[in-house]
Amino acid sequence: MALRQEQEQLQSRISALMHRAPVWLAAQNSLNQLCEQSGEQFESSQDVTEYLQQLLEREREAIVERDEVGARKRAVDDEIERLSQPGGSEDQRLNALAERFGGVLLSEIYDDVSLEDAPYFSALYGPSRHAIVVPDLSQIAEYLEGLEDCPEDLYLIEGDPQSFDDSVFAVDELEKAVVVKIADRQWRYSRFPSVPLFGRAARESRIESLHAEREVLSERFATLSFDVQKTQRLHQAFSRFIGSHLSVAFDDDPEAEIRKLNTRRNELERSLSSHESDNQQQQAQFEQAKEGVALLNRLLPRLSLLADETLADRVDEIQERLDEAQEAARFIQQHGNQLAKLEPICFSVAKRSRSSFEQLKEDFAWSQQVQREARQQAFALTEVVQRRAHFGYSDFCRYAFRQ
């Protein structure tokens with residue numbers, strides 16, 4: 001019974017494993033693809049989830065860096081576009097106002113300043129480096145009333161754009177800085193800018209450096225965008241794997257377990273077959289034992305006979321009586337008619353004298369004894385006759401008369 005139960009359990013387990021094997025194989029294929037894509041080896045589900053967290057962190061960092069690079073790239077593009085404008089004005093409205101006032105942007109007047117002098121002039125004019133130079137300030141007073149479409153601070157300088165004189169300020173030049181004495185009670189301290197933009201040469205130098213930076217940023221932005229896409233695709237692949245295969249991917253190989261269970265099942269089948277054969281033999285032995293027990297039950301009433309030591313002698317006696325009865329039966333068959341004729345006479349004689357009947361019985365017993373002795377002698381003579389070829393005459397006579 002235990003073997004049968006184990007066989008049924010094995011069969012149920014094998015069926016479940018065969019149903020699970022395709023799912024496990026699909027999970028292994030997906031896991032191998034993830035290992036190839038990521039270049040990592042995963043030994044447990046925890047390794048997968050931890051790597052997914054790392055992917056998320058890498059993706060977040062890459063997106064942040066990509067956005068920062070993108071923002072910087074856009075800022076560089078805007079600065080290049082602005083510096084490429086005439087005069088390099090930061091506000092396009094200044095060009096329209098200069099044309100309206102009949103003036104010229106201060107930066108256009110100094111457009112031919114050298115790159116070495118650009119930091120000095122940029123610090124010299126300070127916030128007014130984007131001023132508009134007009135021939136006569138009194139003539140534009142009427143335009144300033146109600147003026148709204150202009151920068152918050154609009155600087156106007158009176159002078160001749162064709163022969164502009166920059167000696168209108170009292171300036172003390174310091175180390176990498178200047179002090180501009182605008183009035184007796186108003187000074188302005190300005191340091192030389194690290195990246196001067198005053199003058200065409202300075203702007204072109206700045207534009208060239210911005211173009212180089214833009215190339216680096218563009219390449220970095222493309223690399224980060226590709227990394228983000230790659231990380232996102234890998235993240236999606238890991239998410240699909242976790243949702244579909246993580247629960248079975250790191251289980252034991254069902255096919256290997258099926259092979260082990262099949263081996264055990266074959267052993268059980270052989271054991272069951274041997275057990276059934278033994279059972280059939282035992283059943284046959286049991287049937288034989290039942291027959292033996294039945295015979296023993298039949299012998300129990302006669303068990304006392306088996307313990308009787310005189311049983312053999314009694315058997316011999318009964319066999320002898322049986323032989324006598326058989327001899328008597330043959331005698332009756334041969335002489336039945338004569339006996340039938342003698343029966344009335346014997347009956348009458350027995351009736352006459354009880355003593356005569358007893359005498360007859362004794363005579364009959366004596367006759368039987370004589371008959372037995374004669375039969376034994378006849379048997380002995382038969383043996384002697386059969387062996388006479390081996391006896392001498394004297395031996396034959398001695399043996400015959402002894403009998």
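**View 1. Three strands form an open sheet in the order β1-β2-β3, with mixed pairing.** Strands and helices are DSSP runs numbered from the N terminus (strands E, at least two residues; helices H or I, at least four), and two strands pair if DSSP finds at least two bridges between them. The edges of the sheet are β1 (104–105) and β3 (156–158), each of which pairs on one side only. Strand β2 (residues 132–134) runs parallel to β3 and is joined to β3 by three bridges. Val134 stands opposite Glu158 in β3. The model is predicted: local features need pLDDT of at least 70, side-chain atom pairs count only at pLDDT 80 or more, and totals for chains, interfaces and linings use all residues. Residues are numbered from 1 along each chain as its sequence is written, and side-chain values use heavy atoms, with hydrogens and water left out.

**View 2. Helix α3 (residues 93–101) lies across β1, β2 and β3.** The helix runs at about 5 degrees to β2; axes are lines fitted to C-alpha atoms, for helices over the stretch in contact, and angles run from 0 to 180 degrees between N-to-C directions. Leu94, Leu97, Ala98 and Phe101 are the buried residues of α3. Seen down the helix axis, these buried residues fall within an arc of 100 degrees, so they line one face of α3. The arc is that of the directions from the helix axis to the C-beta atoms. Buried means under 20% relative accessible area, exposed over 50%, and partly exposed in between (1.4 Å probe, protein chains only). The cover over the buried residues of α3 includes β1, β2, α6 (141–144) and β3, where contact means heavy atoms within 4.5 Å.

**View 3. Glu59 in helix α2 (residues 45–83) is buried yet has no salt bridge.** A salt bridge is a side-chain nitrogen of Lys or Arg within 4 Å of a carboxyl oxygen of Asp or Glu. Lys and Arg count as positive and Asp and Glu as negative, while His and the chain ends are not counted. The nearest side chain of opposite charge to Glu59 is Arg66, 8.3 Å away. Apart from neighbours within four places in sequence, Glu59 is in contact with Thr231, Gln232 and His235.

**View 4. A hairpin joins β5 to β6 through two residues.** Strands β5 (residues 177–183) and β6 (residues 186–191) run antiparallel and are joined by six bridges. Val180 stands opposite Arg188 in β6.
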